[in-house]
Amino acid sequence: MSESTATLAHSQTEMTELVLPNDTNNLGRALGGAVLHWMDICGAIAAMRFSNRQCVTASMDHVDFISAIDLGEVAVMEAYVFNVGRTSIDVKVDVHAENPKTDERRKTTTSFLTFVALDGDGRPTPVPKLTCETPEEEALRQEAVEGRAEQLEMVIERMEDL
């Protein structure tokens, strides 16, 4: 039996949300929970596109909110698969805030999520191997691998300082 493959490009997903009053706190900024929800959905879509399977969230790595997303701005989530296991799929999700009046765009957060692909009975099932067909795809994959390692190192340092 030959192993199936899927490309990083096939998984790439962009999702946008207009930040409305129901998505904000009393300061008029996007609720962290709303942003996490959008990140989870965008990541799941990337994982499902990659595997052609239903996928469920197994974990979300550390998240720092480095910039607020204000009422009326557009939250832009971009996701892609950067690594796979036997049944697991690692996805990088970047979030930017975009001002629709000025086209100004700024980074607000990044996280790494792990999903598990499920078969028709809801059990974990093997996923395709990841291939990168271009140098740009390989560079994106490497950026995510290194970014996740750096993020985990920072979390360890924070824990050691407690």
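Here are some friendly notes on this predicted model, moving from the sheet to a few of its residues.

1. Five strands make up an open sheet, with antiparallel pairing and the order 2-4-5-6-3. Strand 2 and strand 3 (54-60) are the edge strands; each has a single partner strand, so one side of each has no neighbour in the sheet. On average, neighbouring strands here are turned by 30° against each other, direction ignored.

2. **Strands 5 and 6.** Strand 5 (residues 88-98) and strand 6 run antiparallel and are joined by eleven bridges. Within this pairing, Val91 has Leu113 of strand 6 standing opposite.

3. **The helices against the sheet.** Helix 2 (residues 32-51) lies across strand 2, strand 3, strand 4, strand 5 and strand 6, and runs at about 40° to strand 4. Helix 3 (residues 135-160) lies across strand 4, strand 5 and strand 6, with an angle of about 95° to strand 4.

4. **Val91.** This residue belongs to strand 5. Is Val91 buried or exposed? Val91 counts as buried because its relative accessible area is 0%, and the cut-off for that term is under 20%. Leaving aside residues up to four places away in sequence, Val91 touches Gly43, Ala46, Ala47, Ala79, Tyr80, Val81, Phe82, Ser111, Phe112, Leu113 and Phe115. For a sense of distance, Val91 and His62 are 29 residues apart in sequence, and their C-alpha atoms are 13 Å apart in space.

5. **The aromatic pair.** How many aromatic pairs does the count come to? The count gives one aromatic pair. Phe82 and Phe112 form this edge-to-face pair, with 5.7 Å centre to centre and 75° between the planes. The pair links distant parts of the chain, 30 residues apart: Phe82 sits in strand 4 (residues 74-84) and Phe112 in strand 6 (residues 105-118). Both Phe82 and Phe112 are buried, and both are among the residues that Val91 touches.

6. **Thr13.** Over in strand 2 (residues 13-18) we find Thr13. With a relative accessible area of 6%, Thr13 is buried. Which side chain does the side chain of Thr13 join through a polar contact? The partner is Arg49, at 3.1 Å. Beyond residues up to four places away in sequence, the residues that Thr13 touches are Cys42, Ile45, Ala46, Arg49, Met77, Glu78 and Ala79.

Note on methods. Residues are numbered from 1 along each chain as its sequence is written. This is a predicted model: local features need pLDDT of at least 70, side-chain atom pairs count only at pLDDT 80 or more; totals for chains, interfaces and linings use all residues. Side-chain values use heavy atoms; hydrogens and water are left out. Helices (H or I, at least four residues) and strands (E, at least two) are DSSP runs, numbered from the N terminus. Buried means under 20% relative accessible area, exposed over 50%, partly exposed in between (1.4 Å probe, protein chains only). A polar contact is a pair of N or O atoms within 3.5 Å; within protein, one must be able to donate a hydrogen and the other to accept it, and residues adjacent in sequence count only if both atoms are side-chain atoms. Contact means heavy atoms within 4.5 Å. Rings of Phe, Tyr and Trp (its six-membered ring) pair if their centres lie within 6.5 Å; planes under 30 degrees apart count as stacked, over 60 as edge-to-face and the rest as tilted. Two strands pair if DSSP finds at least two bridges between them. Axes are lines fitted to C-alpha atoms, for helices over the stretch in contact, and angles run from 0 to 180 degrees between N-to-C directions.
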